[in-house]
Amino acid sequence: VKKFSVHSAIANRDYSVLFIEDVKQKIRDIVNNYPVHCLIDKNIFDKYKGILDEKKLKSCKLIEASEDQKSLKKVIEYINFLLEKGVQKNHKILVIGGGLVQDIGSFTAHILLRGIDWIFIPTTLLSMADSCIGSKSGINVGKYKNQVGVFHPPSEIYISPSFLNTLPKSELVNGIGEIIKHALIKGGEQYEFISRNISKLDKDKEIEMEIIYRSLLIKKEIIEEDESEKGIRKVLNYGHTFGHALEGYTNHKISHGIGVLIGVDLANYISSKEKLLTPPEFNKIHNFIYPFISSYAVKVEDINLYMDYLSRDKKVIGDEVQALLSQGIGKVKIIKTKLGTKLKNYIIEYFNKYA
Ligand SMILES: NC(=O)c1ccc[n+]([C@@H]2O[C@H](COP(=O)([O-])OP(=O)(O)OC[C@H]3O[C@@H](n4cnc5c(N)ncnc54)[C@H](O)[C@@H]3O)[C@@H](O)[C@H]2O)c1
Ligand SMILES: [Zn+2]
């Protein structure tokens, strides 16, 4: 069995990550050990009937996993619900779902009674291979995504990749985007393994688990060094500024994972223009990424609108963007870049060439 622990400097404790096969048994153990309230993704509850013995739970709330449900209003509703069910400081909240239910669970557990423990069972590839560790949570405020949040890691994480059997392909891609990002940040053996095997992920269970594990190890190293994102953790935003702008520009027809991959490719293109990356290095990474994004290629016809989205990103300060550029596989660097004509021309060039 694969397991490891992660140190949270902010919470001043370690938390454990354990890969499991029998999720039903694990839930039974948890519920027998502690007084538990459960927040569970409604889709999981419907698809995995009998996964919970509700009679043994203190309470159970089904959560609809859509972005408009990830609101402060809903959090207040869940807090009311839990208080009515007699939640106490020594109770635990068991959260079962993807990154969205994770955000709600983590945030709610943090502010309720000034912080109670929560246990997380991720059910999407993104939440297994990326978001489950790192302590962050984000709640949307109106149309603004993840603008309110806290750092509150779970106490235990149990990963059961068998959940992925029911995950739609369009959701799988979001996890793949972040896994490839991790591989390109770390480089070396991890990059070799992940790039060689990622296309087999949904066909081979052993490989699937190994890839999730390696993806988490890459992130663990970074967040243990800089959990609060003062420095090195910023590299995890590789591809995100350009990707977010594309998600916005296409009205979210481009999903997060694809946005990140196109964003990585665009960041690398800019890096090659700025002579940080040689053309063969750019091509090597491009040839690896391109099969994942080619069928989603979008023409950016209104470049000014795209630049407008870019300038609204959280990483933009004044007229400079803190761009994450690449000096090669395993060498992502934060480089302040002006949002001027030069950058705009690179972006036009990139989309003309590859979209
Ligand atoms: N806190 C963090 O560190 C962090 C990091 C990245 C993303 N996020 C947030 O996570 C959210 C995205 O999370 P996500 O990509 O994990 O997806 P998600 O939680 O939004 O779920 C996507 C869809 O898949 C369904 N689903 C979940 N598991 C399933 C399964 N096993 N089988 C079938 N359907 C299943 C859900 O019901 C939902 O319809 C966003 O809100 C994002 O802001 C948070
Ligand atoms: Zn992301």
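**Ligand site, salt bridges and surface**

Me: How far from an oxygen atom of ligand 1 does a backbone N or O atom of Leu 100 lie?

Reply: First, a word on the source: this is a predicted model, where local features need pLDDT of at least 70 and side-chain atom pairs count only at pLDDT 80 or more, while totals for chains, interfaces and linings use all residues. Residues are numbered from 1 along each chain as its sequence is written, chains are lettered from A and ligands numbered from 1 in the order in which they are written, and side-chain values use heavy atoms, leaving out hydrogens and water. A polar contact is a pair of N or O atoms within 3.5 Å (within protein, one must be able to donate a hydrogen and the other to accept it, and residues adjacent in sequence count only if both atoms are side-chain atoms). The backbone atom of Leu 100 meets that cut-off, with a distance to the ligand oxygen of 3.1 Å.

Me: What share of the accessible area of ligand 1 does the protein cover?

Reply: Lys 70 places a polar side-chain atom 2.9 Å from an oxygen atom of ligand 1, and Lys 136 brings a backbone N or O atom to 2.9 Å from a nitrogen atom of the ligand. On its own, ligand 1 has 860 Å² of accessible area, and the protein covers 86%. Such areas come from the Shrake-Rupley method with a 1.4 Å probe, and for residues only the protein chains shown count as cover.

Me: Which helix gives the most residues to the shell around ligand 1?

Reply: Around ligand 1 there are 24 residues, of which Asn 43, Glu 67, Asp 103, Thr 124 and Thr 166 come nearest; a residue counts as near if one of its heavy atoms lies within 4 Å. Helices (H or I, at least four residues) and strands (E, at least two) are DSSP runs, numbered from the N terminus. H2 (42-47), H4 (99-111), H5 (125-131) and strand S8 each supply at least two shell residues. With four residues, the top contributor is H4.

Me: How many polar residues does the shell around ligand 1 have?

Reply: Ala, Val, Leu, Ile, Met, Phe, Trp, Tyr, Cys and Pro count as nonpolar, Asp, Glu, Lys and Arg as charged, and the others, Gly among them, as polar. The shell has seven nonpolar and seven charged residues, and its polar residues number 10.

Me: What separates Lys 220 and Glu 224 along helix H8?

Reply: Their side chains form a salt bridge of 3.0 Å, N to O. Lys 220 is buried at 19% relative accessible area, and Glu 224 is partly exposed at 33%. Because they sit four residues apart in H8 (residues 205-225), their separation is about one helical turn.

Me: How far apart are the closest N and O atoms of Lys 55 and Asp 53?

Reply: Lys 55 is exposed at 78% relative accessible area, while Asp 53 is partly exposed at 36%. The two form a salt bridge, and the closest N and O atoms are apart by 3.9 Å.

Me: What is the phi of Lys 275, about?

Reply: Lys 275 is found in the loop between H10 (256-273) and H11 (279-293), and is exposed at 72% relative accessible area. Lys 275 is not a glycine, yet its phi is positive, at about 65 degrees.

Conventions. Salt bridge = Lys/Arg side-chain N within 4 Å of Asp/Glu carboxyl O. Buried < 20%, exposed > 50% of the residue type's maximum accessible area, 1.4 Å probe, protein only.
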